[in-house]
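What follows is what I looked up, in the order I looked.

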Amino acid sequence: IPVLNTNIRIKLPVVCFTWQIAMIILFGVFVRYDSESDAHWPETMIQNNITSNTENDFYYRYPSFQDVHVMIFVGFGFLMTFLKRYSFSAVGFNFLIASFGIQWALLMQGWFGSLDPSTGKILIGVENLINADFCVAGCLIAFGAVLGKVSPVQLLVMTLFGVTLFAVEEYIILELLHVKDAGGSMVIHAFGGYYGLTISRVLYRPRIHQSKHLQGSVYQSDVFAMIGTLFLWMFWPSFNSAIAYHGDGQHRAVINTYLCLAASVLTTVAISSLSQKTGKLDMVHIQNSTLAGGVALGTAAEFMVSPYGALIVGFLCGILSTMGYIFISPFLEKNLKIHDTCGIHNLHAMPGLIGGIVGAITAGGYQAAGICVALAFGIVGGAIVGGILRLPIWGDPADENCYDDEVYWEVPEEDEENPDSIPPILEYNNHMIHKQQEM
Amino acid sequence: IPVLNTNIRIKLPVVCFTWQIAMIILFGVFVRYDSESDAHWPETMIQNNITSNTENDFYYRYPSFQDVHVMIFVGFGFLMTFLKRYSFSAVGFNFLIASFGIQWALLMQGWFGSLDPSTGKILIGVENLINADFCVAGCLIAFGAVLGKVSPVQLLVMTLFGVTLFAVEEYIILELLHVKDAGGSMVIHAFGGYYGLTISRVLYRPRIHQSKHLQGSVYQSDVFAMIGTLFLWMFWPSFNSAIAYHGDGQHRAVINTYLCLAASVLTTVAISSLSQKTGKLDMVHIQNSTLAGGVALGTAAEFMVSPYGALIVGFLCGILSTMGYIFISPFLEKNLKIHDTCGIHNLHAMPGLIGGIVGAITAGGYQAAGICVALAFGIVGGAIVGGILRLPIWGDPADENCYDDEVYWEVPEEDEENPDSIPPILEYNNHMIHKQQEM
Amino acid sequence: IPVLNTNIRIKLPVVCFTWQIAMIILFGVFVRYDSESDAHWPETMIQNNITSNTENDFYYRYPSFQDVHVMIFVGFGFLMTFLKRYSFSAVGFNFLIASFGIQWALLMQGWFGSLDPSTGKILIGVENLINADFCVAGCLIAFGAVLGKVSPVQLLVMTLFGVTLFAVEEYIILELLHVKDAGGSMVIHAFGGYYGLTISRVLYRPRIHQSKHLQGSVYQSDVFAMIGTLFLWMFWPSFNSAIAYHGDGQHRAVINTYLCLAASVLTTVAISSLSQKTGKLDMVHIQNSTLAGGVALGTAAEFMVSPYGALIVGFLCGILSTMGYIFISPFLEKNLKIHDTCGIHNLHAMPGLIGGIVGAITAGGYQAAGICVALAFGIVGGAIVGGILRLPIWGDPADENCYDDEVYWEVPEEDEENPDSIPPILEYNNHMIHKQQEM
């Protein structure tokens, strides 16, 4: 197995150490507890006429936060384990970049959002943790487009710039334009989707077919991916309601998202079955398109769209997303040279746009400005970051080593001594076959 | 591999589309937000002398709801992945029928329960979402009896009728008879269990042994199933407390269920070990009978049964359920022609009956009426629905294709080009063996 | 395969039954609901001027409890599934001993902590359930050191004594010495770690290398283990905040743990990559050392350590824990004859000590007394219990059968008739190879 420039023994540790030290210094200068997480909270309570600890924002938000946290680390991580020999990277690199991203997001979103004017400090509480997780979601979406084709160092660079762009874009959309987008259809999904797709375009590999034998699933990896799908699907109501207004706002966002996602499942199954001669279902569709309704309702989840309105959104998104996998993904790859490993165009980019449009229809046309800003940041930012990632210094894999954990991980070997595993005679045959292939 | 009538390319999409469109229309006519999820909630608060958003039912119920939601989609879904080649169907069809079922349940339970008398609308909030999940649980239990032997279209039909029967039965038991059953021992588990067992009886296949080579587990599938078991086990306290009274009622239901389940684990292990000559444990028992205590305490969870009372229930149910797998399941199959793939008789039907009896002992004999209604609806309903499912139009698999994902799913092939997988020389041997088997 | 004395058909059922019956009797004599889970709660509310059910401790604690519960059963259970043929035992025995342990912990912690002076009863509520889960965590940590080398009966004995020692040690540290340790750096992790390591030392097997072929992972088992890692990592903020003070205390403990864990991930990745010639990552490090920050912040999580302080702790612990796997574990095995299957020294014992020291630095030197007590109980208790476990009556596996589920479980055989599995010709080769090995 040829390994070209993929030794990351210096690069990866240097990036991890220097960036983590930078985080510590910046947190030391800028970040403090907010009034509800500070030990002076009891005094603040009296000043604010708050009569009970139950009024602490922690109790409104923490269960939702934990659901979102599971989506980020288990949901996104396991959704990407579907490749036959890339599960370590899927779940491991997801873990790495999310852990860096949430720290950088607390700083970037703090500077743009919750900077205390009198002290110049960023004051953080549970809502900031949720927002940091949201911000990282955008980068994890982008990861899906380049899954298997980049090094962990490139992923960290993508995350550094992705979080930076996200925080600025979010500030413009939510604070300057006063667009509503509590579940992030535009801010998270459309931005993250087009950011990842543009990077994938810039990094296009004409000879990626050399790794084609690894670019599919095996039975067990598809079951692992369903863990990701289901935790995303189940907790999406928490995602769309986590930073909605206390009380009826959160309550309504949950109901709408719950209904919308249920409808997506039925239409995804219908189109998936229709797309095969014998009516068989395709795991790729079930793993991804069932989630499209949650994405599309991100903007409008807390609006009074009414229960049947939520069902209609889910109905349409299941259809469009599944058809995206059947028709649009091959088109993008063949004609626009955009290779999209996880199909984020169908799961995030397109449903995110639909969500923005739904929001514009229900809440007013000024919402459309948000779509434009998200798209512009995704595409322009992605083009610049893609250019940086093309530099031949990041340790990315050769075309014939894509989608292979062997490049960046110590992968356990099947053991000859183990009577339960494949015996030596077969190993011998394997070697013979390899030799023949090499000839 | 002969495939008889299992092409569902028209049937499945038609059912999914028409039923989902029907849901949208019916939701449009009937379903609205309730006062706590409606944007008028702040005004309602003032009218009702509620002083804080924390009083919104959302904050009492949402964490429990999410736990129940995980039980429905990950718990039930993964519990059924234990078969060696039926994991896609287990988790995928569970996902499909639950997604349809929760919509239909909101309507059915609404018409029978929360119809606003002045407007004729169904007003929904978080408690309705929990109840819809509960209702679907009954159908997923029934799924366990027929796992591997029916088509997804049949499962949708089972769910349509199952939810309908459930809503009527629940109305009679809880509203007309004023029987208490917050965790659904009778309403959910006994009903769902006997509904599924009766359907399985009607659909009995004398030649099911032709698929015997697929009717077992492999090592990895048993580990996947433990994901289901553990999420069900851990969150069962939420299941039994989710719609209990605020405050001490919910609190006590959690304590009782937690203790009862712990006791079930020890006695399940004891009987499982006793049942083998060498004292080895059987994964089937650990995966299922450890949960029996949660089922049996469904009725009485919020009663003052006292902590040791909960332990006694768990102690007995672990024993009875495990002995059910050892003695009763073979008896049912041999003598009554009831084939029960997941052993729902031992996990749901029998413990559900015990739960009803525990409730009758602790809360009064009128509770026994609930048992009779649940049984009658399960058995009579199951007989009728089983008859409908025998019509030769639903695309069910041939006897030799049961328990096989290949029939309804695009299953990834082990790739010859992949050096990590089985090499061509072995594939060749495989073909030879197949040929021999075919001769 | 020689099987020596591992028949547990009498031992295991006898222990399970007698201990469970003992639990029922002791609960009957001692355990009652506390005021907030008792049906008299509404009257108590009026006496205590509590105006709302939301003030019931249940609503403050229950979401955290469920997160901790997931850590105990899925987190610890799946973290230990990494061995190639020991996943049933990892997740199954974890389930068994935790289910016994939580019952015994409610009694032991009750006698030492929440005994009602007027009635002599132990009054339990949701906080007791959390504390019981915490107590069991200490025993599950110890399980990690001896994983694969002991019988389930030995594990139950370890848990019986472990919980007993824990309750006394906890009482001395928290109640008598008034040391603070809400997340249990000393009480749970240092105690559990040294308890397990000492037992492993006493049970040292000089010929454990005879099972060396099973003492590693395979690809799928490493992915299963990541389920455990991630649920532990995500919910650790709940672990460290679950019994912190209501309001800002819980809020701050969450923020600190979240940040600390994020920093651990980056430095773990850095050291793991540095440790290999080609910079490849090692799954063992990612699965374990990423969690070290959560352990180390157990004592100080709710202190005003400030966000950057939390990052520094995580930064250092990721480094130290990973270096522990590289340097200290081999040293302990070679020089001190301590074989530590899961590396609990690096994940729990050492970070737990660091946590105690961090607490002593930030809260005052009297905290150091807690470290000494935890160490003494772990080492002395472990030595005594290890001695008991050396008695030749517990059914432990022979040296050549360690790490093998076959000893205690009915393991499904790969089926010759299944065309998807390994065909007969290969099975034949397997038999030949076995014969050769036996000669």
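**Entry 1: a tryptophan in chain A**

I began with Trp104(A), which is buried at a relative accessible area of 11%. The cut-off for calling a residue buried is under 20%, so Trp104(A) falls in that class. I note here that I am working with a predicted model.

Trp104(A) sits in helix α4 of chain A, which runs over residues 87–114. Next I asked what Trp104(A) is in contact with, leaving aside neighbours within four places in sequence. My list reads Met23(A), Leu26(A), Trp111(A), Leu160(A), Val163(A) and Thr164(A). Leu160(A) turned up again when I checked polar atoms: its backbone oxygen lies 3.1 Å from a polar atom of the Trp104(A) side chain.

I also took one distance along the chain. Phe82(A) is 22 residues from Trp104(A) in sequence, and their C-alpha atoms are separated by 29 Å.

I moved to Asn7(A), which is placed in the segment before α1 (11–30) of chain A.

What does Asn7(A) touch, not counting residues up to four places away in sequence? The answer is in another chain: Lys277(C), Thr278(C) and Gly279(C). Within chain A, the Asn7(A) side chain reaches the backbone nitrogen of Arg9(A) at 2.9 Å.

I then looked up Trp394(A) against Asn7(A). The two are 387 residues apart in sequence, yet 9.4 Å apart in space, C-alpha to C-alpha.

**Entry 2: how the copies are related**

Two copies of a chain are related by a rotation about an axis and a shift along it.

As for the contact residues of chain C, 11% recur in chain B, and the copies use different surfaces.

**Entry 3: the contact between chains C and B**

I counted in 81 residues from chain C and 73 residues from chain B. The area buried between the two is about 6900 Å², and carbon and sulfur atoms give 73% of that. On the chain C side, Arg9(C), Tyr33(C) and Phe95(C) lose the most area to chain B, together 11% of what that side buries.

How many salt bridges are there between chain C and chain B? I noted zero. Polar contacts are another matter, with 21 residue pairs found across this interface, both partners at pLDDT 80 or more.

I then asked which elements of chain C supply at least two residues of the side that touches chain B. Among them are α1 (11–30), β1 (31–33), α3 (57–79), α4 (87–114) and α15 (424–438). By class, that side of chain C has 49 nonpolar, 17 polar and 15 charged residues.

Most residues other than glycine have a negative phi. I made a note of two that go the other way.

Tyr403(B) is not a glycine, but its phi is positive, about 60 degrees. I found Tyr403(B) in the loop between α14 (367–389) and α15 (424–438) of chain B, and it counts as buried at 0% relative accessibility.

Lys337(C) has a positive phi of about 55 degrees, and it is not a glycine either. Its place is the loop between α12 (307–335) and α13 (344–363) of chain C. Lys337(C) is partly exposed, with a relative accessible area of 40%.

**Entry 4: a glutamine in chain B**

Gln367(B) is buried, with a relative accessible area of 0%. Not counting residues up to four places away in sequence, Gln367(B) touches Val179(B), Lys180(B), Met186(B), Thr299(B), Gly359(B) and Ala360(B).

Definitions and conventions
Residues are numbered from 1 along each chain as its sequence is written. Chains are lettered from A and ligands numbered from 1 in the order in which they are written. This is a predicted model: local features need pLDDT of at least 70, side-chain atom pairs count only at pLDDT 80 or more; totals for chains, interfaces and linings use all residues. Side-chain values use heavy atoms; hydrogens and water are left out. Contact means heavy atoms within 4.5 Å. Buried area is the accessible area (1.4 Å probe) that two parts lose on being put together, summed over both. A salt bridge is a side-chain nitrogen of Lys or Arg within 4 Å of a carboxyl oxygen of Asp or Glu. A polar contact is a pair of N or O atoms within 3.5 Å; within protein, one must be able to donate a hydrogen and the other to accept it, and residues adjacent in sequence count only if both atoms are side-chain atoms. Helices (H or I, at least four residues) and strands (E, at least two) are DSSP runs, numbered from the N terminus. Ala, Val, Leu, Ile, Met, Phe, Trp, Tyr, Cys and Pro count as nonpolar, Asp, Glu, Lys and Arg as charged, and the others, Gly among them, as polar. Buried means under 20% relative accessible area, exposed over 50%, partly exposed in between (1.4 Å probe, protein chains only).
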